[in-house]
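Subject: Structure for you to look at

Hello,

Here is the structure I promised to hand over. Please open it and keep it beside this email while you read.

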Amino acid sequence: MYAVSEADGTPITYVEYRGGEVDSKAIKEILTFLAAFGISVKGAIIDKGFCTKGVTDYLEEKGIEYILMLVSGTSGKTSMIDKYAKSLRWKVSSYIRGTDYFGVTDRFPIFGSSDHDSYIHLFFDWKNGGERAISLIGNIYAAYDAAVEAVESGKAPRIPSKYENYLNAVKLRGRGKRYRIDIDYEKLQAAVDMKGFSAIAT
């Protein structure tokens, strides 16, 4: 974690922390260190690894503004997607000029246990979303073809675990082919529809 100068982004100091241990300890450590040298913090840019209520509560208690990248499943992001996802895609009035993004802002609690609303900004990245959607569809069809080929050669099909939500090998009775491979298009469509969305809280 780095502290940088507001003027030009020059690094001032940094704190190492153990990856996977998400709490406010590292933030407290770097703020305490800076305060000892009379350096105040204007704001914090926080990635998904620190998307916890403990972190936001601490920053708000200290009066420090922040920009927080929200992880999937966060109440604020879910609320924004439920309200705006269908209408945001390719909405001309929501286009952020000079970028690949469309965006919208509203107020919702960041976490389910939050006691106040924050500004939540939802973005749709058409380019990244399109590439990821096509990649997922291609991977599903490749896994489907491999499973069908296995069945036709008399072998039991193997569905990669990461695609089990979208592909199902149905065992059949009687002679001939022992399995039928089904694609759950409803689940696949839902997954594709969510590609390209991201959200931040401020």
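A cavity is a set of grid points where a 1.4 Å probe fits but cannot get out. Keep in mind that this is a predicted model.

**The cavity**

How many cavities of 30 Å³ or more does the structure hold? It holds one. The space in this largest cavity is about 60 Å³. Its lining includes Lys53, Thr56, Asp57 and Glu60. Tyr66, Ile110, Phe111 and His116 are also among the lining residues. Helix H2, residues 53-61, gives the most to this lining, with four residues. By type, the lining of the largest cavity has three nonpolar, four polar and four charged residues.

**The salt bridges**

Side chains of opposite charge can pair when their charged atoms come close. The count here is three salt bridges.

Start with a pair from the cavity lining. Lysine 53 and aspartate 57 both line the largest cavity. They also form a salt bridge, with their closest N and O atoms 2.8 Å apart. Both residues lie in helix H2. They are four residues apart, about one turn of the helix. Lysine 53 has 27%, so it is partly exposed. Aspartate 57 has 33%, so it is partly exposed too.

Next, look at lysine 83 and aspartate 106. Their side chains meet in a salt bridge of 2.9 Å, N to O. This pair links distant parts of the chain. Lysine 83 is in helix H3 and aspartate 106 is in strand S5, 23 residues apart.

Arginine 180 and aspartate 182 also form a salt bridge. Their closest N and O atoms are 2.9 Å apart. Arginine 180 is partly exposed at 41% relative accessible area. Aspartate 182 is partly exposed at 26%.

**The second largest pocket**

This pocket has a volume of about 340 Å³. It is lined by 17 residues. Those closest to its centre are Ser72, Lys77, Arg132, Met194 and Phe197. Helix H3, helix H4 (126-152) and strand S9 (197-201) each supply at least two lining residues. Which of them gives the largest share? H3 does, with three residues. The lining of this pocket divides into six nonpolar, six polar and five charged residues.

**Helix H1**

Helix H1 covers residues 25-36, twelve in total. At 1.5 Å a residue, H1 should span 16 Å. Its end C-alpha atoms are 17 Å apart, which agrees. Which residues of H1 are buried? They are Ala26, Ile27, Ile30, Leu31 and Leu34. Seen down the axis of H1, the buried residues fall within an arc of 130°, so they line one face of the helix. On the other side of H1, Lys25, Thr32, Ala35 and Ala36 are exposed.

Just after H1, glycine 38 takes a positive phi of about 75°. Most residues other than glycine have a negative phi. Now find tryptophan 90. Its phi is positive, near 60°, and it is not a glycine. Tryptophan 90 is in the loop between helix H3 (75-88) and strand S5 (101-108). Why does tryptophan 90 count as exposed? Its relative accessibility is 54%, and exposed means over 50%.

Best wishes

Definitions and conventions
Residues are numbered from 1 along each chain as its sequence is written. This is a predicted model: local features need pLDDT of at least 70, side-chain atom pairs count only at pLDDT 80 or more; totals for chains, interfaces and linings use all residues. Side-chain values use heavy atoms; hydrogens and water are left out. The expected span of a helix is 1.5 Å times one less than its number of residues. Buried means under 20% relative accessible area, exposed over 50%, partly exposed in between (1.4 Å probe, protein chains only). The arc is that of the directions from the helix axis to the C-beta atoms. On a 1 Å grid over the protein atoms alone, a cavity is a set of points where a 1.4 Å probe fits but cannot get out, and a pocket is an open set with protein on both sides within 12 Å along at least five of seven lines; lining residues have an atom within 4 Å of a point. Grid points are joined across faces, edges and corners, and a volume is the space filled by probe spheres set on the points. Ala, Val, Leu, Ile, Met, Phe, Trp, Tyr, Cys and Pro count as nonpolar, Asp, Glu, Lys and Arg as charged, and the others, Gly among them, as polar. A salt bridge is a side-chain nitrogen of Lys or Arg within 4 Å of a carboxyl oxygen of Asp or Glu.
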